[in-house]
Amino acid sequence: MKIGELSRRTGVPTRLLRYYEEQDLLHPERTDNGYRDYAESSVQDVQQIRGLLDSGLTTEMIRAILPYLSGPDEILLPAEHLTPRTAALLQGHIDRIQSRIDCLARNRDRLSAYLAAVRPESDEELVDR
């Protein structure tokens, strides 16, 4: 399929699809006239890339793990293929995620405490219903 069709099917602009190719995340074939020719599996690949980017992974991290993804919920990376650099990238990302979770939990607790302190009891009962 051509880049325009892949864009329509995934909702990802053609400019971003070309960027993913530049970042070595997508690998379309080229037709005789130089047009990109994407396989049907590219739709799932683009959706996977978008999901990983949305979760905060960098293109560098995605490039390292993408060959080992078999779907949105499974990574098949044999231990012998996990380089120290990739492990460090992933651990750094895990640490950043945990920091965000901790910050969100603190903010949630503070907001809940504030509401509990300032909201009249009758309002709580109405909201909880």
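Angles of 65 to 115 degrees between axes count as roughly perpendicular. In this predicted model, the axes of helix 1 and helix 2 cross at roughly 105 degrees. Helix 1 and helix 2 are therefore roughly perpendicular to each other. Their axes come within 9 Å.

The contact draws on both helices. Helix 1 contributes Ile3, Gly4, Leu6 and Ser7. Helix 2 contributes Thr14, Leu17 and Arg18. By class, the residues of this contact between helix 1 and helix 2 comprise three nonpolar, three polar and one charged.

The overall architecture comes next. The protein has 129 residues, of which 22% count as buried. Six helices and four strands make up its elements. Their order from the N terminus is α-α-β-β-α-α-β-β-α-α. Among contacts between residues at least 6 apart in sequence, 46% join residues at least 24 apart. The accessible surface comes to about 9200 Å². Carbon and sulfur atoms account for 52% of that surface.

Helix 1 spans residues 3-10. Its buried residues are Ile3, Leu6, Ser7 and Thr10. Seen down the axis of helix 1, these residues fall within an arc of 100 degrees, so they line one face of the helix. An α-helix has 3.6 residues a turn, so residues three or four places apart point the same way. Glycine 11 follows helix 1. The phi of glycine 11 is positive, near 75 degrees.

Helix 2 covers residues 14-22. Leu17, Tyr20 and Glu21 are the buried residues of this helix. Viewed down the axis of helix 2, they too lie within an arc of 100 degrees, so they line one face of the helix. The face turned away from this buried side carries the exposed residues Arg15 and Glu22. The buried residues of helix 2 pack against helix 1, strand 1 (29-30), strand 2 (36-37) and helix 3. Aspartate 24 follows helix 2 and has a positive phi, near 65 degrees.

A further packing pair joins helix 2 to helix 3. Two packed helices are described by the angle between their axes and the distance between the axes. Helix 3 runs over residues 42-54. The angle between helix 2 and helix 3 is about 85 degrees, and their axes lie 12 Å apart. Helix 2 and helix 3 are therefore roughly perpendicular to each other. From helix 2, the contact takes Leu16, Leu17 and Tyr20. From helix 3, Val46, Ile49, Arg50 and Leu53 take part. Six residues of the contact of helix 2 with helix 3 are nonpolar, none is polar and one is charged. Leu17 of helix 2 takes part in the contact with helix 1 and in the contact with helix 3. Leu17 is also one of the buried residues of helix 2.

The loop between strand 2 and helix 3 contains alanine 39. Histidine 27 stands 12 residues from alanine 39 along the chain. The C-alpha atoms of alanine 39 and histidine 27 are separated by 9.2 Å.

Definitions and conventions. Residues numbered from 1 in each chain as written. Predicted model: local features only at pLDDT ≥ 70, side-chain atom pairs only at ≥ 80, totals over all residues. Heavy atoms only, no water. Axes fitted to C-alpha atoms, helices over the stretch in contact; angles between N-to-C directions. Helix = DSSP H or I, 4+ residues; strand = E, 2+ residues; numbered from the N terminus. Parallel < 35°, antiparallel > 145°, perpendicular 65-115°, else oblique. Contact = heavy atoms within 4.5 Å. Nonpolar A, V, L, I, M, F, W, Y, C, P; charged D, E, K, R; others polar. Buried < 20%, exposed > 50% of the residue type's maximum accessible area, 1.4 Å probe, protein only. Arc of directions from axis to C-beta. Areas by Shrake-Rupley, 256 points an atom, 1.4 Å probe, with all protein chains shown as cover.
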